[in-house]
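Here is a short briefing for a first look at this model. Start with the sequence and structure below.

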Amino acid sequence: MRKRRLGKTGLEVSELSLGTWGLSGDGYGPVTEAEQDRVLERALAMGVRAFETADCYAEGRMEERIGARVPENLGAFVVTKIGTRKDGTIPRKDFAVDYLKDALQRSRDRLKRDTIDCVLLHNPSRQAFDNPLLPEFMRELKERGMVRCWGVSAGTGEVGRAAMQAGAEVLELAYNVFHAQEMLELEAELGQREVGVLARSTLAHGLLCGLWPPDKQFAANDHRAERWSTDELRRRISQLNPLRTLLSAELPSLRGIALRFVLSNTLVSSAVLGPRNCLQLDQLVREAGKEPPYLEDQKRVDLRERLVTVGVYV
Ligand SMILES: NC(=O)c1ccc[n+]([C@@H]2O[C@H](COP(=O)([O-])OP(=O)(O)OC[C@H]3O[C@@H](n4cnc5c(N)ncnc54)[C@H](OP(=O)(O)O)[C@@H]3O)[C@@H](O)[C@H]2O)c1
């Protein structure tokens with residue numbers, strides 16, 4: 001699998017990363033530990049060399065599975081996120097340096113690594129960057145050899161911008177055919193500052209696979225049950241038609257087109273996949289394509305125009 005540079009960190013990541021939120025059983029419903037291990041091993045066998053997780057996924061158990069199944073000597077790049085506490089009745093954010101220090105140590109122990117390749121602050125608010133001790137702490141981790149690079153998983157363009165101004169070397173952003181807002185807001189600065197970009201939610205939580213009936217329902221323990229109203233989901237599903245016009249022998253699936261859209265943006269260092277089983281992983285890796293052009297410029301332009309006509313972009 002091809003690798004791309006991670007901004008100006010001097011590090012490289014495989015173009016496809018294995019994201020592990022869904023795999024952890026959080027977010028979309030349970031996954032067995034045996035399946036988690038099979039997916040980790042299958043990802044390695046398919047050439048995936050970047051693994052993305054968070055200390056809070058399954059209360060740290062996902063980091064433990066990565067520590068057990070993706071040993072350091074394989075040269076895989078591991079990204080984890082800190083700053084979400086689950087020790088109370090409801091999860092809360094904590095970016096106080098004392099808390100982060102302990103959280104990082106726990107992640108190092110679970111991942112079985114003295115040095116973690118990349119540590120991201122997990123969805124901080126813009127205000128978190130008002131504390132100058134926060135970026136200072138992240139820089140210090142790097143100087144002390146506890147991390148190779150640091151960054152922020154950002155939920156808004158405003159947070160992404162504050163993170164870059166604070167010195168973040170990597171940003172993780174939601175980026176897909178239907179949702180490019182933060183990427184568009186930040187692209188000039190991402191390029192100028194040479195910040196590495198991890199693109200997540202590349203399938204819009206599964207919507208872009210185009211496999212759902214208009215009246216799709218989700219289980220109560222699936223975050224998607226709360227994400228869209230019935231009418232909103234029906235509208236979203238109908239907006240997939242422009243993607244279908246790109247289907248061909250070479251581009252046989254919507255999920256492949258969605259991934260190729262992400263990979264064809266050269267600002268993206270790696271597309272963070274979210275499979276919950278080996279079959280999904282196999283399909284994603286196979287259908288993402290192997291090399292540029294993932295989606296030719298003209299196809300991107302045509303697609304954008306069609307998406308404007310159905311109301312995805314204004
Ligand atoms: N704040 C953050 O830092 C943050 C936020 C979100 C995500 N992430 C990371 O990014 C990763 C991916 O993001 P995501 O979960 O938001 O969304 P995603 O990759 O857009 O969607 C994941 C969902 O897509 C469906 N899917 C995957 N492969 C498929 C296939 N081959 N065929 C059909 N459906 C398929 C699955 O749905 P079913 O469950 O219905 O099978 C899966 O749960 C996460 O695992 C996580 O590691 C980070």
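**Pockets and barrel at a glance**

Helix H6 (181-193) and helix H12 (297-309) each supply at least two residues to the lining of the second largest pocket. Helices (H or I, at least four residues) and strands (E, at least two) are DSSP runs, numbered from the N terminus. This is a predicted model, where local features need pLDDT of at least 70, side-chain atom pairs count only at pLDDT 80 or more, and totals for chains, interfaces and linings use all residues. Residues are numbered from 1 along each chain as its sequence is written, and side-chain values use heavy atoms, with hydrogens and water left out.

**Second largest pocket**

- This pocket holds about 240 Å³ of space. A pocket is an open set of points on a 1 Å grid over the protein atoms alone, where a 1.4 Å probe fits, with protein on both sides within 12 Å along at least five of seven lines; lining residues have an atom within 4 Å of a point. Grid points are joined across faces, edges and corners, and a volume is the space filled by probe spheres set on the points.
- Its lining has 13 residues, and Tyr175, Leu184, Phe261, Arg300 and Arg304 lie nearest the centre.
- H12 gives the most to this lining, with five residues.
- The lining splits into nine nonpolar, one polar and three charged residues. Ala, Val, Leu, Ile, Met, Phe, Trp, Tyr, Cys and Pro count as nonpolar, Asp, Glu, Lys and Arg as charged, and the others, Gly among them, as polar.

**Largest pocket**

- The largest pocket has a volume of about 1,200 Å³.
- It is lined by 50 residues, with Trp21, Tyr28, Ser201, His205 and His223 closest to its centre.
- Elements giving two or more residues to this lining include strand E10 (170-174), E12 and helix H11 (278-287).
- H11 gives the most, with three residues.
- The lining divides into 18 nonpolar, 18 polar and 14 charged residues.

**Barrel and strand E12**

- Eight strands form a closed barrel, E3-E4-E5-E8-E9-E10-E11-E12, with parallel pairing. Two strands pair if DSSP finds at least two bridges between them.
- Strand E11 (residues 196-200) pairs with strand E12 (residues 268-273) in the parallel sense over three bridges.
- Valine 197 has valine 268 in E12 as its bridge partner, and alanine 199 stands opposite alanine 271.
- Strand E3 (residues 16-19) also runs parallel to E12, joined by three bridges. Leucine 16 has alanine 271 as its bridge partner there.
- Six of the six residues of E12 are buried, so this strand is largely enclosed by the rest of the structure. Buried means under 20% relative accessible area (1.4 Å probe, protein chains only).

Conventions
Buried means under 20% relative accessible area, exposed over 50%, partly exposed in between (1.4 Å probe, protein chains only).
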